[in-house]
Amino acid sequence: MALEKAEKILEGKRVQVRKLNEKFDHTQLLADDEWYPKAVRRSIRPARWNWKDCLARLQEIASDPIPGADRRFIILVHDDTEEATSTAPGALIGMTILNPGEGLKAHRHNSFAIYHVLQGTGFDVMQNEDEPEPTKIEWSKGDTFLCPPWTYHQHVNDGAEQAIILTVQDFPLLAAQRSLMFEEPRGVNNIKAVTKKFVPHRDTAGSFKLDV
Ligand SMILES: [Fe+2]
């Protein structure tokens with residue numbers, strides 16, 4: 001690239017210049033014996049989340065308006081995971097509750113989701129970019145089904161009772177890598193990296209209930 005062209009890349013733009021050899025304040029060099037004590041996290045103690053407590057919390061968020069976020073979703077958090085705020089290192093278990101006739105708008109994320117139906121009947125509509133048409137997956141109590149990463153999906157409760165679905169996801173692993181992505185609701189303009197400035201469900205108000 002000619003020098004004049006290289007200079008034009010930044011023409012008229014505000015930019016911070018970091019000169020050669022200038023030290024970044026947020027960097028350091030640690031020797032091996034300094035690094036391990038800082039980097040190794042605490043052990044994880046065995047734990048249980050009581051069904052009675054999960055159900056009570058789910059019932060609380062089954063009412064309108066939904067407290068705290070645009071989803072009827074709870075996360076089973078283990079305090080030993082510290083900043084990951086997950087169920088186990090790298091993995092999260094959540095539970096969704098849907099009232100009869102409720103459903104999620106189509107969305108996707110680059111984490112996978114394994115679902116297990118604890119109560120109710122309904123269906124999911126899923127589609128990835130290689131498929132010409134969506135797949136409808138019907139489900140009822142006891143079924144386990146998968147949504148692969150970056151696949152559009154939406155749960156729909158078409159039964160007469162509340163549906164409760166347990167979910168296992170690798171959200172925390174992707175969040176730790178700062179590479180968790182959401183498209184919510186479906187639409188290329190809604191593709192966003194999850195950061196402190198963009199929190200899914202909270203910052204995508206209206207993404208929850210189907211327009212039916
Ligand atoms: Fe999802």
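Before anything else, a definition: two strands pair if DSSP finds at least two bridges between them, where strands (E, at least two residues) and helices (H or I, at least four) are DSSP runs, numbered from the N terminus. What you see above is a predicted model, in which local features need pLDDT of at least 70 and side-chain atom pairs count only at pLDDT 80 or more, whereas totals for chains, interfaces and linings use all residues. Residues are numbered from 1 along each chain as its sequence is written.

Let me start with the chain as a whole. Its secondary structure comes to four helices and eleven strands, and the C-alpha trace spans about 70 × 45 × 35 Å along its principal axes. The radius of gyration, taken over C-alpha atoms, is 22 Å, while a compact globule of 212 residues would have one near 17 Å; that globule rule is 2.2 Å times the number of residues to the power 0.38. Buried residues, meaning those with 20 or more other C-beta atoms within 10 Å of their own, with C-beta atoms placed from the backbone, make up 22% of the 212 residues. If we call two residues in contact when their C-beta atoms, placed from the backbone, lie within 7 Å, then 69% of the contacts with a separation of 6 or more are between residues 24 or more positions apart.

Which residues make up the largest nonpolar core? A nonpolar core here is a set of buried Ala, Val, Leu, Ile, Met, Phe, Trp, Tyr and Cys residues joined through C-beta atoms within 7 Å, and the largest has eleven residues: Ile74, Met95, Ile97, Leu98, Ala113, Tyr115, Met126, Cys147, Ala163, Ile164 and Ile165. Strand 2 (92-98), strand 4 (113-119) and strand 9 (163-169) are the elements that give two or more residues to it. A second, separate core has six residues, among them Ile93, Phe171, Leu180 and Phe182. Returning to Met95, its contacts beyond four places in sequence include Ile74, Ile164 and Ile165, as well as Cys54 and Leu58.

Met126 leads us to the other sheet, since it is buried, with 20 other C-beta atoms within 10 Å, and has its place in strand 5 (residues 121-127). An open sheet of three strands runs in the order 6-5-8 with antiparallel pairing; strand 6 (135-140) and strand 8 (152-156) each have a single partner strand, so one side of each is left without a neighbour in the sheet. The twist here averages 20° from one strand to the next. Five bridges join strand 5 to strand 8, and the bridge partner of Met126 in strand 8 is His153. Gln154 lies 28 residues from Met126 in sequence and 6.9 Å away in space, C-alpha to C-alpha. Leaving out residues up to four places away in sequence, Met126 also touches Cys147 and Thr151, among others.

Note on methods: Buried ≥ 20, exposed ≤ 12 C-beta atoms within 10 Å, placed from the backbone. Axes fitted to C-alpha atoms, helices over the stretch in contact; angles between N-to-C directions.
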